[in-house]
Amino acid sequence: MKKLFTSESVTLGHPDKLCDQIADNILDAYLTLDSDSRVAVEVCAYYNGVVVMGEVSSKANIDIEAIVRKTIIDIGYDDDKLGFNGKKVKIDININTQSSDIAMGVDNSIDLNSIGAGDQGMMFGYATNETNEFMPYPIYMASLLSKRLMQVFKDKVIDYLRPDGKTQVTVLYEDGKPKYIDTILISAQHDEIDLDVLKKDIKKQVIDAVVPKNMINKNTKIYINPTGRFVIGGPVGDSGLTGRKIIVDTYGGVCGHGGGAFSGKDYTKVDRSASYYARYVAKNIVAAKLCDRIEIQVSYAIGMSKPLSIYINTFETNKIAEDKILNIINKVFNFEPSNIIKELDLKKPIYHLTTGFGHFGKNGLPWEVLDKVEIIKSLKD
């Protein structure tokens, strides 16, 4: 059976992703000086300014405006010709302390000797063996393309590019396996330039540089800047907002999503930390070859440390019974927030590393470590 599936990614200069990066850089700045900081920061960017809002409780004092400006400039918005210049944009900061009601739920858990979940909700984790990174192939390739597009802009390999950009990849699956790429779509912001030159350069420097030749054939369609002109971009073209790229951040739409955003939130917020842990569990389960792919859902109530439910779906790829896989998960892993924070060492200022090109499938992040494979294998018989 043949099926098409599509995922997208964005560059760091996309207005929504710009906001995510500002929020996570603010979070990391607080955690660097006070690892017990409670942070829930939202960011909005518009044609000539940035608004930072949210709740923070911390012993640290940081220069939020300086962080905002540095982030914008580092991404590449440092020139008036772009219409958005980090050196000059208006910055409005509206930060309040964390709600005492939320703090009470986290710090005074119903379950003794633990911290409570910082919110209610459901979170998802996913892993598949269709790539070495245990990620779905469409989002894996879309992320590679957007990362490369950003790289050729930053390194001036294509010197007329601007920071904003999007990629999209459609993959043809046959019997559940990726066979070839059906469609590649890239939209790259640029200076005034001949479109034919841009298409040639993007094809050579971006697509040919990262897409395996065996995944492209005569049926593959490539579209580069299909609207033609993409000079106006970033917050000038569209306002940006934290948390509006949650599918780009995760698995490209392959599995469920609880709806909670990640960026700007500290580790007590389970919509971030439990999503990371669910990925950690899913990746180790697939690496232990209990199934070819798995989706894990976990749910919480605010103030309670123990999850309300854990659900799994192996999409009929399981090698042992699903109830046995769930039993192994319950034996090996502990979804209580205090354990997640400790086991994944989430008090460190690592969150700026997650913001661009997806939060999963990257080496060096603690939820990507395969350290439970052998114990899982020992329990499957």
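Tutor: Buried means under 20% relative accessible area, and exposed means over 50%. Please keep in mind that this is a predicted model.

Student: Is aspartate 16 buried or exposed?

Tutor: Aspartate 16 has a relative accessibility of 3%, so it counts as buried.

Student: With which residue does aspartate 16 form a salt bridge?

Tutor: A salt bridge pairs a side-chain nitrogen of Lys or Arg with a carboxyl oxygen of Asp or Glu within 4 Å. Here aspartate 16 pairs with arginine 244, and their closest N and O atoms are 2.8 Å apart. Aspartate 16 belongs to helix H1 and arginine 244 to the loop between strand S9 and H7, so the bridge ties together parts that are 228 residues apart in sequence. Arginine 244 is partly exposed, at 42% relative accessibility.

Student: Which residue meets lysine 17 in a salt bridge?

Tutor: The partner of lysine 17 is aspartate 249, at 2.5 Å from N to O. Lysine 17 lies in helix H1 and aspartate 249 in helix H7, so this pair ties together parts 232 residues apart in sequence. Lysine 17 is buried, with a relative accessible area of 1%, and aspartate 249 is buried at 2%.

Student: How many salt bridges does the structure hold?

Tutor: The structure holds 25 salt bridges. One of them joins lysine 319 to aspartate 292, with the closest N and O atoms 3.3 Å apart. Lysine 319 is exposed, because its relative accessible area is 52%.

Student: What does the side chain of lysine 265 reach?

Tutor: The side chain of lysine 265 reaches the backbone oxygen of alanine 261 at 3.1 Å. Lysine 265 sits in the loop between helix H7 and helix H8, and it is buried, with a relative accessible area of 15%.

Conventions: Residues numbered from 1 in each chain as written. Predicted model: local features only at pLDDT ≥ 70, side-chain atom pairs only at ≥ 80, totals over all residues. Heavy atoms only, no water. Helix = DSSP H or I, 4+ residues; strand = E, 2+ residues; numbered from the N terminus. Buried < 20%, exposed > 50% of the residue type's maximum accessible area, 1.4 Å probe, protein only. Polar contact = N/O pair within 3.5 Å; in protein donor to acceptor, adjacent residues only side chain to side chain.
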